[in-house]
Amino acid sequence: MKKVLITGASSGLGKSLALLYAENGCTVIACGRNQQRLAELARSNGNIRTLNFDITDQQDVLHTLGPIEDIDLAILNAGDCEYIDDVTRFDSSLFQRVITTNLIATGYLLQALVSKIKTGGRIAFVSSSVTYLPFPRAQAYGASKAGLDYLAKTMALDLKKHDIHVSLIRPGFVKTPLTDKNDFDMPFLISSEQAAAAAFKGLQKGKATIEFPGKFIFILKLFNTLPDIIWRKIMARNAT
Ligand SMILES: NC(=O)c1ccc[n+]([C@@H]2O[C@H](COP(=O)([O-])OP(=O)(O)OC[C@H]3O[C@@H](n4cnc5c(N)ncnc54)[C@H](OP(=O)(O)O)[C@@H]3O)[C@@H](O)[C@H]2O)c1
């Protein structure tokens with residue numbers, strides 16, 4: 001019986017991951033803010049217990065996670081996305097909200113959790129494939145996830161000597177409440193169950209980087225190798 005802690009487990013990818021790990025016999029600590037959705041999740045599988053806290057509240061994080069011990073796997077998945085709709089009126093409050101939820105709060109979670117990960121255990125950071133290339137209106141979300149990529153990669157370096165492993169998960173578009181708000185085409189959109197299965201498989205294999213779906217990632221990587229001007233022209237053409 002492995003103990004798996006998952007943040008952002010009240011909906012979307014985190015919820016699908018919680019169910020998948022529970023179905024595979026793990027004890028799951030499902031975290032989130034929405035008590036009602038967490039309670040429903042716990043009722044659906046006896047292996048799931050829940051913790052209710054706001055990851056952006058440092059004291060709440062440290063206090064709530066304080067008693068938790070001996071974690072085999074922590075999946076830091078909670079996150080949010082908001083777009084900067086008009087860069088000429090740059091919304092610094094939005095920028096602060098997104099960076100706080102996706103990056104600063106991860107620092108609070110690491111403070112609370114690193115010492116509780118078992119030797120040989122793993123921390124997984126859910127970033128995004130957005131960090132391959134600059135996308136319009138994604139200043140806040142992209143910057144937060146780019147920061148998360150760097151954080152995860154440096155954590156991997158320094159945790160190695162403590163025999164704690166790190167995985168960086170970079171999904172493409174996944175159908176969840178977060179993307180249901182999007183008003184643009186989402187190529188290669190997959191279900192949260194498909195995304196959870198891909199993440200689960202990568203984590204079981206102990207992969208350092210887990211990216212999906214494959215075709216979408218291949219295209220992003222390809223454009224990433226080309227001169228910036230080509231991507232900028234494509235984005236400019238799409239904007240008109
Ligand atoms: N969907 C995609 O296409 C996609 C692509 C790439 C990466 N991702 C990443 O995948 C992760 C999960 O996203 P999702 O698509 O599954 O979105 P989602 O369905 O909106 O789920 C987000 C989860 O994060 C939790 N959360 C947000 N802010 C929180 C806070 N301040 N404190 C505690 N929990 C908080 C939410 O909990 P409550 O509702 O209980 O507050 C919810 O459980 C995010 O990090 C996202 O950036 C998603």
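Predicted model: local features only at pLDDT ≥ 70, side-chain atom pairs only at ≥ 80, totals over all residues.
**Entry 1**

I started with the second largest pocket and found a volume of about 270 Å³. Its lining is made up of 16 residues, and Lys2, Asp72, Leu73, Leu203 and Gln204 are the ones closest to the centre. Which elements supply at least two residues of this lining? I noted strand S4 (71-76), strand S5 (117-126) and helix H7 (192-204). S5 has the largest share, with five residues. Sorted by class, the lining of this pocket holds six nonpolar, six polar and four charged residues.

**Entry 2: the enclosed space**

Next I looked for cavities, and the count of those of 30 Å³ or more came to one. The largest cavity holds about 60 Å³ of space. I wrote down its lining: Thr7, Ile55, Leu76, Asn77, Ala78, Thr101, Asn102, Thr106, Leu109, Val126, Lys145 and Leu148. Two or more of the lining residues come from each of helix H4 (92-113) and helix H5 (139-159). H4 gives the most, four residues. By class I have six nonpolar, five polar and one charged for this cavity.

**Entry 3: helix H1**

I then checked helix H1, residues 12-23. Its 12 residues reach 17 Å from the first C-alpha to the last, close to the expected 16 Å. Is H1 mostly covered or mostly open? It is mostly covered, as nine of the 12 residues are buried. My list of the buried ones reads Gly12, Leu13, Gly14, Ser16, Leu17, Ala18, Leu20, Tyr21 and Ala22. After H1 comes glycine 25, with a positive phi near 85°.

**Entry 4: backbone angles to remember**

A reminder to myself before this part: most residues other than glycine have a negative phi, and most peptide bonds are trans.

Where is there a cis peptide bond? I found one from phenylalanine 212 to proline 213, with omega near -5°. Proline 213 sits in the loop between strand S9 (209-212) and helix H8 (214-225).

Arginine 137 has a positive phi, near 70°, without being a glycine. Its place is the loop between S5 and H5. I get a relative accessible area of 24% for arginine 137, so it counts as partly exposed, between the cut-offs of 20% and 50%.

Aspartate 163 is not a glycine either, yet its phi is positive at about 60°. This residue belongs to the loop between H5 and strand S6 (165-171). With a relative accessible area of 35%, aspartate 163 is partly exposed.

Note on methods. Residues numbered from 1 in each chain as written. Heavy atoms only, no water. 1 Å grid on protein atoms, 1.4 Å probe; cavity = no way out; pocket = protein on both sides within 12 Å on 5 of 7 lines; lining within 4 Å. Points joined across faces, edges and corners; volume = space filled by probe spheres on them. Nonpolar A, V, L, I, M, F, W, Y, C, P; charged D, E, K, R; others polar. Expected span 1.5 Å × (residues − 1). Buried < 20%, exposed > 50% of the residue type's maximum accessible area, 1.4 Å probe, protein only.
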